Amino acid sequence: MRITFKGFAEHVLFAAIVFIVFLLAFEDKIGVPYWLQPFGRMHPMILHFPIVILMLAMLLEFFRFKEAYLKEPLYQNFTSGLLLSGTLFSALTVIMGLFLSKEDGYSGSLLQWHKWTGVSIVFVASIVYWCRNTSWYKVKLARIGAIATTLCIILAGHYGASLTHGDNFVLESVTGAEALPKVPVAEARVFEDVILPVFSQKCLSCHNLEKAKGSLMMHNVSALLKGGKSGKLFVPGKPEISLLLERIHLPMEDKKHMPPKGKDQLSNEEIALLRLWIKGNAELKKKVVDLPVNDSLRVLATTFLAPSETTEEKYAFAAADESAVKKLNNNYRIVYAVAKESPALAVNIYNRSEYKPEAVKELEEVKKQIVSLDLKGLPVRDEELKTIARFENLRELNLNFTNITGSGLKELQALKYLRTLSISGTKLNSGFVKQIGNIKSLKKLMLWNTGLSEADLQQLQKANPKIAVISGFKDDGKHPIRLNQPRVTTDVTVFKTSLALQMKHPINGVQIRYTTDGTEPDSLKSKLFDQSVLIKENTTLKAKAYKSGWYGSETFSANFYKSSYQADTIQFLLPPEDKYSAGASKTLSDHQLGDYEINSGKWVGFRKNNMEALFFFKQPLMIQSVVLNVMRLVPTYIFPPTEVEIWGGSEKNNLRLLSKVKPEATKNGAERALVKVEAKFKAQGISYLKIVAKNLKVLPNWHPGKGEPAWLFVDEIFLN
């Protein structure tokens, strides 16, 4: 008897089903030999193939009895072939999965759900295949079988993804990962509130009750202390011989590296945190505040926690006249509210070459409202402190790198609320030490690099025990601290053809690593900054500083924009808010990028309306890219647009949609940022260009202003 290929496949499928039943019936008594384990480990590699085939086969089966297809031999034979091959490969995949489940580290209810939904795919699909040519198999049964098989595929995929990547993996991008609440420093325990959250976020997806790789579970204290099949996870007091740190520091390509390649890796700070915790005998009950003030573990742990004081300060004085504040803002001085709806003002005076004492005296009109004054780097002299002493509600004063000598600090005794004084980089005389104690409200004093001797500093701290004196960092090799960010020394942020960026760091021997594709730089693979970075397109530069014995810096991020064209005229089709509309059309094309100060006159603000602007060009221009520079400042209700539309054409009343962009939705806890929103389209001659940036009309439920409209702030639009 001649056996066809189809008949052979049917026999193999039947044998595979019998073998699956055998494996299920005797799973507790069967062990997989080591030479057969590679076959089981191929399960994740081939499972996608039968999924695609079966999904297509079930789609065809669902419509099989439609009149147009019922008498079409090609449709029927093709569906039958797809169903047979998909079911056969599914059976092989299930056998591999059953072999893989016998290895250490797979257990729990999640595995059982994945196993039985996977087996159900084979059983249901096989029943459909062998019954589909019987006389009683009609349209209703065909559709029930197709739906049941598809449902099994979806459920098996869901449980498999959760087993491999952690709970809620499939829907996490929609629902958002659950953010762990930050515990206040005063209440936090080192292990429970700092160390365990790191394990939960970076390790628990592979080491939990459902999937304990290496027989290691990390969901609680007892499981951590027990360790896994390779032994104890750590040796208290000895990080250098602890298995945890050994696995973390293995090369990424090593199969024993933790977390595995492709998973969310531990940051340098998290690795340092674990090392310091183990070095400190892996305490399980100690509070963060029980550690010495200068202890490295306490300093680093504090960055993972919420501040002890989170309440916003209330002020007894009334707000200043808005027109007076507006008048005081100019090209060398910024005056702005410290928070939304707050009467308190902060002042920043800059531009050393333009500075005159009148810049401070002119502030007397709002002297009651000023709580923060920043004069760093200016040629301020001792006699000018008399004027500053009249700002009766001043809380913070920055005199770093000024020309004061300390003799005029006695004037500041009149400030009853002054808490923070920064006088680093100034040449103080010895009389300063005696005067500082007369400022009774002072809590923090920063004076590194002042010329004071070590004896003077010790005398100052001894005489003023309630003041935190910060006099600089002395590297003894035992208390590494974080490097400050590198900075870009190139003043230009907008260019026409190309731009050579220069970066530097104040500490010698620091390496600067950078990226220009928006990814986070690391200490090994990212490009090493040499002399300059040449950019020719719109670029987001990210850079970090690294040096042996220090923690890597926070990421420095900045946008640089190419601007090839300028519109001859800009017209707003919907008006911006009155408070943020002065010189609005000019603001969008003056190449002066704003910072996070919304009252600087460099931002155009929208709340009730979307931003709709029409750009006119006297001569048609070949345009293929539009970039908006917008602000994200979540606490003050400022969000990027939900959508940007670009319309263009040669006639004002006959524009067509060229591009539509939806920026990534802002999540709870998003840091402040200047966001680049770019829309690209096919290059074409354009005489009229309409840009629509849609405002977020309803703030999300996690925001304090939920239900209210968000603000949209735009300060520049670039055309290329």
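Me: Is Lys-694 buried, partly exposed or exposed?
Reply: This is a predicted model. The relative accessible area of Lys-694 is 26%. Buried would need under 20%, and exposed over 50%. So Lys-694 is partly exposed.

Me: How far apart are the closest N and O atoms of Lys-694 and Glu-643?
Reply: Lys-694 and Glu-643 form a salt bridge. Lys-694 lies in strand β22 (residues 673–694), Glu-643 in strand β20 (residues 643–649), so the pair ties together parts 51 residues apart in sequence. The closest N and O atoms are separated by 3.0 Å.

Me: Is Glu-643 buried or exposed?
Reply: The cut-off for buried is under 20% relative accessible area. Glu-643 has 10% relative accessibility. Therefore Glu-643 counts as buried.

Me: Which residue meets Glu-645 in a salt bridge?
Reply: The N to O distance of this bridge is 3.2 Å. Glu-645 sits in strand β20, and its partner is in strand β22, 49 residues apart. At 11% relative accessibility, Glu-645 counts as buried. The partner is Lys-694.

Me: Which residues do salt bridges with shared partners join into one network?
Reply: Lys-694 bridges to Glu-643. Lys-694 also bridges to Glu-645. Lys-662 belongs to the network as well. The members are Glu-643, Glu-645, Lys-662 and Lys-694.

Me: Which residue forms a salt bridge with Arg-333?
Reply: The closest N and O atoms of this pair are 2.9 Å apart. Arg-333 is in strand β1 (residues 333–337), and its partner is in the loop between α16 (358–361) and β3 (370–374), 29 residues apart. The partner is Glu-362.

Me: How many salt bridges does the count come to?
Reply: The pair Arg-333 and Glu-362 is one of them. Lys-694 and Glu-643 form another. The count comes to 13.

Me: What is phi of Asn-281 near?
Reply: Most residues other than glycine have a negative phi. Asn-281 has a positive value. Asn-281 lies in the loop between α13 (268–279) and α14 (296–302). Its phi is near 70°.

Me: Where is Ala-282, and is it buried or exposed?
Reply: Ala-282 has a positive phi of about 50°, although it is not a glycine. The residue is in the loop between α13 and α14. Its relative accessible area is 8%, so Ala-282 is buried.

Methods
Residues are numbered from 1 along each chain as its sequence is written. This is a predicted model: local features need pLDDT of at least 70, side-chain atom pairs count only at pLDDT 80 or more; totals for chains, interfaces and linings use all residues. Side-chain values use heavy atoms; hydrogens and water are left out. A salt bridge is a side-chain nitrogen of Lys or Arg within 4 Å of a carboxyl oxygen of Asp or Glu. Helices (H or I, at least four residues) and strands (E, at least two) are DSSP runs, numbered from the N terminus. Buried means under 20% relative accessible area, exposed over 50%, partly exposed in between (1.4 Å probe, protein chains only).
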